[in-house]
Amino acid sequence: MIYFDNAASTPLFPEVVEEINNTMSHAFGNPSSIHSFGRTAKVVLEEARNIISELIHASPSEIVFTSGGTEANNMALWGCVHSYNIQHIITSRTEHPAVLKPIDDICKTLGVKLSFLSTDKNGQIALSELENILENENEPTLVSLMHANNETGLLLPLKDVSALCAKHNTFFHTDMVQTIGKFHINFKHIPVSFASCSAHKFHGPKGIGFLYINEKNKIKPYILGGSQERNMRAGTENVYLIAGMAKAIELCHNNMEETQKYITVLKNYTTEKLKEFEGVTYNASSDKGGLHTILSINFPELPQTEMLIQQLDIEGIAVSGGSACASGSFHSSHVLQQLNVKPDTPSLRISFSKYNTKNEINKFIEVLRKIVHHEKKN
Ligand code: PLP
């Protein structure tokens with residue numbers, strides 16, 4: 001079996017499984033309890049917070065553990081709007097639904113003004129348009145733009161956007177679910193108000209993530225009912241998964257450059273190999289750059305390329321279509337529609353991790369040849 005769907009979720013590092021198992025057996029106490037069992041769990045919790053905050057150059061008090069990226073996004077957006085009387089939200093149509101849906105809900109419920117930035121053929125926003133809007137806005141405003149698009153791998157110029165928002169005293173939330181653990185991030189140098197993270201995208205467990213909240217911002221909690229997480233997120237912390245997440249991010253940072261280089265070679269190799277198939281196109285120029293883990297392609301619409309994902313699955317190869325929720329369907333996702341990809345085009349998102357190999361790519365190409373029967377005749 002070959003797994004090329006790492007943007008949907010990644011296999012756990014064995015060390016993470018070990019860490020979770022160890023924590024389960026020795027730190028089962030409630031971290032809010034004052035006895036020794038509680039204190040043991042609390043130590044695990046705070047050690048994990050220290051590890052994570054150090055790696056992303058934040059302070060421990062800027063990290064709030066959540067159940068994952070979706071909750072972190074909801075918490076940032078609702079929290080910021082409620083706490084700072086936000087009157088205008090600026091975003092793009094290619095954000096993840098975990099951003100688009102809460103924004104839609106906020107704007108409909110509270111009557112907050114909503115602006116979508118226009119995007120070019122790659123889905124990239126124009127800084128000049130954002131600057132123009134911010135210059136003409138005097139009401140409290142929140143910008144939400146993802147660092148890397150989960151379908152195409154397109155990267156936002158994070159430094160520029162954050163600097164622009166800081167210059168205009170505008171709150172800036174960024175969904176970094178696809179990039180934390182893949183790049184060195186320094187929140188001391190990037191003026192972000194809120195950043196969302198999810199462990200299962202970097203070989204950690206599912207159901208756990210965090211929201212980075214810049215210490216300048218004090219937002220109201222999203223989940224009420226307890227004083228955990230310094231009153232920022234009620235509910236007994238999932239100590240096991242938090243320990244696993246800290247281990248995963250630590251391992252990612254230990255050999256980040258090496259992993260980046262290795263995966264980039266795999267992505268370039270795949271791009272090169274795909275040249276033999278006539279009519280293959282790349283979304284968001286993902287063949288030329290963007291996130292090293294994601295290659296987003298379209299096959300020509302042919303009888304053989306119908307149900308391409310299912311055909312690959314039968315052959316033991318797991319890839320995705322537009323996004324995880326759109327898997328198995330060729331109806332182009334909201335992101336691909338924005339890039340003007342024709343609705344019936346067979347699109348594949350091939351997403352890599354350090355566990356993939358060139359041999360797997362060779363096998364993938366071989367299987368594609370068998371399915372597509374559409375090799376270039378030189
Ligand atoms: N944001 C992005 C960009 C994602 O890719 C995902 C997961 O697919 C999410 C948010 C949701 O994260 P989680 O699965 O941890 O809720």
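**Figure 1. Two domains in a predicted model.** The domain assignment divides the protein into domain 1, residues 14-254, and domain 2, residues 255-377. The structure shown is a predicted model. Between the C-alpha centres of domain 1 and domain 2 the distance is 29 Å. Domain 1 puts 30 residues into the contact, and domain 2 puts in 26 residues.

**Figure 2. Area buried between domain 1 and domain 2.** The size of an interface is often expressed as the accessible area lost when the parts come together. Here the area buried between domain 1 and domain 2 is about 2200 Å². Carbon and sulfur atoms give 58% of that area. On the side of domain 1, the residues that lose the most area to domain 2 are E151, T152 and K182. Together, E151, T152 and K182 account for 31% of what the domain 1 side buries.

**Figure 3. Polar contacts and make-up of the domain 1 side.** Between domain 1 and domain 2 there are 9 residue pairs in polar contact, counting pairs with both residues at pLDDT 80 or more. The salt bridge count between domain 1 and domain 2 is 0. Helices α4 (97-110) and α8 (239-254) each supply at least two residues of the domain 1 side that touches domain 2. The largest share of this side comes from α8, with 4 residues. Sorted by class, the domain 1 side that touches domain 2 holds 15 polar, 9 nonpolar and 6 charged residues.

**Figure 4. Residues around the ligand.** There are 13 residues around the ligand, and G69, T70, D175, S198 and K201 come nearest. D175 has a polar side-chain atom 2.6 Å from a nitrogen atom of the ligand. For K201, a polar side-chain atom lies 2.7 Å from an oxygen atom of the ligand. Q178 likewise places a polar side-chain atom 2.9 Å from an oxygen atom of the ligand.

**Figure 5. The salt bridge between R349 and D5.** Side chains of opposite charge can pair when their charged atoms come close. The count for the model is 13 salt bridges. One of the salt bridges joins R349 to D5, with the closest N and O atoms 3.1 Å apart. R349 lies in strand β12 (residues 347-351), while D5 lies in the loop between β1 (2-3) and α1 (14-26), so the pair ties together parts that are 344 residues apart in sequence.

Technical notes:
Residues numbered from 1 in each chain as written. Predicted model: local features only at pLDDT ≥ 70, side-chain atom pairs only at ≥ 80, totals over all residues. Heavy atoms only, no water. Domains from an automatic or database assignment. Contact = heavy atoms within 4.5 Å. Buried area = accessible area lost by both parts, 1.4 Å probe. Salt bridge = Lys/Arg side-chain N within 4 Å of Asp/Glu carboxyl O. Polar contact = N/O pair within 3.5 Å; in protein donor to acceptor, adjacent residues only side chain to side chain. Nonpolar A, V, L, I, M, F, W, Y, C, P; charged D, E, K, R; others polar. Near = heavy atom within 4 Å.
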